[in-house]
Each structure stands twice: as structure tokens, then as C-alpha cells.
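Here is my note on the model you sent. Please read it with the structure open.

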Amino acid sequence: MFHDRARIRVQAGRGGDGALSFRREKHVPKGGPDGGDGGPGGDVALVADADLRDLSRFRTSRLFKGGRGGSGGGSGKHGATGESVELAVPAGTQVFEGERLVADLASPGAQVVVARGGSGGRGNRRFASSVRQTPRFAEVGLPGENAELELRLKLLADAALVGLPNAGKSSLLARISNARPKVASYPFTTLEPILGTVDAPDGRQLTVADVPGLIEGASEGVGLGHEFLAHLERAGLLVHVIDVGEGEPAERWATIDRELAAYGAGLDALPQVVVLNKIDLLPEPPELGVEDERIVAVYPVSAVTGAGMEEFRRGLFEHVPEREALPEARPEGLADFLVYRPRPRGKRFRIFRTDTGFRVMGRPPGDEELAEALREAGARKGDEVAIGDELVEFS
């Protein structure tokens, strides 16, 4: 089954704790602080992969966590960076947090970090000064970002077949491409989008999408119309397939065109090729009877007998517009065209590990949030916690 939507939860890794350590060597009885910093937590990133076709891998796996950063050590040893997680998604995937667009991975190789790992805590040697030569505390690492995300795939196709149910779109795609969709003589045989590749004698290729049949009211969501229409947004050319054995072609063309205009997203401005299918059912090929500047060609064909198919195939290569070049990814792997979720503001407080327990510096939050932060920092029942001038027991 084709999956074009998925919900996932991402949790970046927590930063490692800074070390509370003092140099202890023979003949150096009073060595100074030498606690190293903790390593940063691992990120969670999404990367567009040209070899993937849908989001089915997220049907069973929905929680993804970055690794925790390593703790600092004595002798100034820095903790290791937590392991990052890269999730491969199909090119054309959009990432939403609620209704806000986080990123649009519109080309292979595009990537975005959706949860950044927490900073590592500073070791006690970072707090040494001329007036504080033996700091007996070190920072704990900060938690990583987390988010609930929705992934929405919009197919990347050069051309998309659109039309009423049972117009013969699947038969048409099977005739011109390497796709083998289910074909039957009843409406809604196609229940999910299908991609096919059309080859030209000179080696060129086009990707054509077969979108399930649309019905009146599709622009308002009738018959899962919103989900199907979304796959047309990235197409360069619409191939409007009409069953000439079912009523006036002009009326059937107008029905779908109204839905495209009502949906928006520029669908009603795309160039169209109109295919008058099933001409084998009529003694004479009919006329479309529509004058519209968006219609660049009309092809009478029969997907059953193959009549007119070669002309139609050549016409696709002639009328599919050249795609605009997408910006290349910068060296660090982030493309200019992506939209990024703003990073949350830092915490108003920090937690330090001391030789007797923990110390909270800055403006502490409510009791529940502080207790959770202390638990994540490793506090256990009975540990001593200093908050300002107050000394409390963690419970």
C-alpha cells in the first residue's frame, strides 16, 4: 500500500555531563581542577532519498532518538558526541509541526535537522579563576530538542494523469510506461498514486503519475480529494484523460477543471494535454469542443487497441516543460530553499553537579519542571539540591 503521510516523534540526544575532577598525581598533592566538558547530544535529521517512493517505513517505527553525549573525564578529557540519526524520506516530502511548515525536501540530497542535540555540560576546570581555584561543581548536559512531526509526500512527476473515475488512466499509463497498475472496468480501480517511467528512443526519460480518479467536490475533500490533488502540485504538465464513451467530452473536462481551480495551489494554471480515450467505442473520433490557452494538444487514443499511443508518447516529451534547477545544497548539507523551524529559546536556568549533590543556577522554573530536569540530570531521592540560598533534599 502507498503511504504518503506519516506521523513521527523525534528526540535529540542529551548532552553529556561535565566532569568534576581534580588533578591527583604523586608529588602533586594539591593539583587544580581538570574536569573536561561533556559531548553534545546527537541530532535527528531528515534526508531526501531519490530511491524511496513512499513513507511506508514510518508505519511501524515512529519514535527516533539521537544518542546521548559522553560525559567529560579527568585530565581535561572531552566527552564523545552522541550518535546522530539520519532518516531517509522520499524526495518531495514536506515536514510539518502542527500546521507550520518546517521544511520542504523538494530534491534528492536535501536535508534538515529537525531536532538538535543538547549542549554538553562544562567541566569544573572551566570555572576556575584567580578567586575560585578549586570549583567543586560542573554543569550537567542539556536535554535535546523534541518534536511531533507530520510528513506529507507530494510526488515529483513530470506529468500527472487526471480525470474522472474509469476514464482509462491506468490503462494509458500501462501502455506508455514501465508501470503495471491494476486495470479493471469499474470506477476507483486505482486507490493510490502510481509512478511510471516513459522512455524515449534517444534515452530521455519522463516520470508520469497516475492519480486516483477525481469526483465532483474533490477540492472540498470529497473522496479523499485533498490527498489526491496534492500530488498534482509538483507536476509540470497535466494530462487530462476523458472517456469519450461517457457523455460530452467538454462537460467532463469542465467538471475536473472546476475542481482544479477550486483547490488552488496553481493547478488551474498548469499546461494541459487532453487525451480523448476509448475512441474504439465510437465510429468517428469526437472533437473536444473546448478552446483554452492552457490546452497545448489533444490526442484521440485507444488504450485498448493502441491507436494514437505513439503520437501521444512523443507529444509528452514535446510538451513537458523544462524543470527549473533547484538550488544546490551548501557544503554543510542544508539547501537554501528549505524552511526551518526556529530553535526554541534556551532554558532560564542551568543545573550543576557538585561534590555534595546538585546546584540550580539562574531563575528556576515551576516545581514540576525543575523536578523533571533534575531527574534527567541524574538526581536521586535524598540528593542534596542547592537553589539560591536554600538547601533542599530531592524527593
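This is a predicted model: local features need pLDDT of at least 70, side-chain atom pairs count only at pLDDT 80 or more; totals for chains, interfaces and linings use all residues.

1. Burial and surface. Of the 395 residues, 50% count as buried. The protein exposes about 20,100 Å². Carbon and sulfur atoms supply 47% of that area.

2. Contact range. Take the contacts between residues at least 6 apart in sequence: 70% of them join residues at least 24 apart.

3. Helix α1. This helix spans residues 169–176, and its buried residues are Lys169, Ser170, Leu172, Leu173 and Ile176. Why do they lie on the same side of α1? They cover an arc of only 160 degrees around the axis, which puts them there. The general rule is that an α-helix has 3.6 residues a turn, so residues three or four places apart point the same way.

4. Partners of α1. The buried residues of α1 pack against strands and a helix. The strands are β10 (159–162), β11 (194–199), β12 (205–210), β13 (237–243) and β14 (272–277). The helix is α4 (309–319).

5. Cavities. A search of the whole structure finds two cavities of 30 Å³ or more.

6. Lining of the second largest cavity. The lining residues are Gly163, Leu164, Ala167, His240, Val241, Ile242, Asp243, Arg252, Trp253 and Ile256. Two elements give two or more residues each: β13 and α3 (249–263). β13 gives the most, with four residues. By class, the lining has six nonpolar, two polar and two charged residues.

Key
Residues are numbered from 1 along each chain as its sequence is written. Side-chain values use heavy atoms; hydrogens and water are left out. Buried means under 20% relative accessible area, exposed over 50%, partly exposed in between (1.4 Å probe, protein chains only). The arc is that of the directions from the helix axis to the C-beta atoms. Contact means heavy atoms within 4.5 Å. Accessible areas come from the Shrake-Rupley method with a 1.4 Å probe; for residues, only the protein chains shown count as cover. On a 1 Å grid over the protein atoms alone, a cavity is a set of points where a 1.4 Å probe fits but cannot get out, and a pocket is an open set with protein on both sides within 12 Å along at least five of seven lines; lining residues have an atom within 4 Å of a point. Grid points are joined across faces, edges and corners, and a volume is the space filled by probe spheres set on the points. Ala, Val, Leu, Ile, Met, Phe, Trp, Tyr, Cys and Pro count as nonpolar, Asp, Glu, Lys and Arg as charged, and the others, Gly among them, as polar.
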